[in-house]
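Subject: Structure for your review

Dear colleague,

Please find below the structure that I am handing over to you.

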Amino acid sequence: MKSQKTILVYEMKREKEEKVLAICRKRQITVKKIQPLEYAQSLGSLARISGIPQNGRKDTGTLLGEEMMVFSGMDTNEMDLFLNDYKNMGISPVELKAVLTPYNIFWNSRQLYEELQKERNSFQAGRTVSENKSLQ
């Protein structure tokens, strides 16, 4: 399963996407803007990982409703360098970010989106509980 350094981007506004592209050119990272009709494809096929073909399905084409980024083929250091450049350029954060793993490689974009929303909601609920305890 060979993979090149790739970032899948979802529903990103053009100005922000251009800044991300600039960082990626500098870091030799491929950027693939995922279209809503592609949301039914596996993340692995979207990231063009060899041996993972497209499934031929088309999505409904409805938007997720927020930005999302998926990192593929990058080690921790490469992601840290990208994220550092991202922060230094003053680009507004993308809340939903994931790394392509053997666990999620066959998920489609909507499955990943739902999982990231659950994680965010769980984190926010946990933070609210700890904030309430500290106020007591």
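The chain has 4 helices and 4 strands (helices are DSSP runs of H or I of at least four residues, strands are runs of E of at least two, and both are numbered from the N terminus). Along the sequence they follow the pattern β-α-β-α-β-α-β-α. Please note that this is a predicted model, in which local features need pLDDT of at least 70 and side-chain atom pairs count only at pLDDT 80 or more, while totals for chains, interfaces and linings use all residues. Residues are numbered from 1 along each chain as its sequence is written, and side-chain values use heavy atoms, with hydrogens and water left out.

The C-alpha trace spans about 55 × 35 × 30 Å along its principal axes. Of the 136 residues in the chain, 40% are buried (buried means under 20% relative accessible area, exposed over 50% and partly exposed in between, with a 1.4 Å probe and protein chains only). Among contacts (heavy atoms within 4.5 Å) between residues at least 6 apart in sequence, 72% join residues at least 24 apart.

The largest nonpolar core has 20 residues; such a core is a set of buried Ala, Val, Leu, Ile, Met, Phe, Trp, Tyr and Cys residues joined through side-chain atoms within 4.5 Å. The members that touch the most others are Leu8, Tyr10, Leu43, Met68, Leu100 and Leu112. At least two residues each come from β1 (6–10), α2 (43–46), β3 (68–72), β4 (96–99) and α4 (109–135), and α4 gives the largest share, 3 residues. A second, separate core of 15 residues includes Ile23, Phe71, Met74 and Phe82. Leaving out residues up to four places away in sequence, Leu100 touches Leu43, Gly44, Ala47, Ile49, Val70, Phe71, Ser72 and Ile105.

Helix α1 covers residues 14–27 and reaches 20 Å from its first C-alpha to its last, close to the expected 20 Å (1.5 Å times one less than the number of residues). Its buried residues are Lys16, Glu17, Val20, Ile23 and Cys24. Seen down the axis of α1, these fall within an arc of 120 degrees, so they line one face of the helix (the arc is that of the directions from the helix axis to the C-beta atoms). Arg14, Glu15, Arg25 and Lys26 are exposed on the other side of α1. The cover over the buried residues of α1 includes β1, β2 (30–34) and α3 (76–88).

Glu67 counts as buried because its relative accessibility is 18%.

In α3, the buried residues are Met79, Phe82, Asp85 and Tyr86. They cover an arc of only 130 degrees around the axis, which puts them on the same side of α3. These buried residues pack against β1, α1, β3 and β4, whereas the face turned away from them carries the exposed residues Thr76, Lys87 and Asn88. Gly90, which follows α3, has a positive phi near 70 degrees.

Yours sincerely
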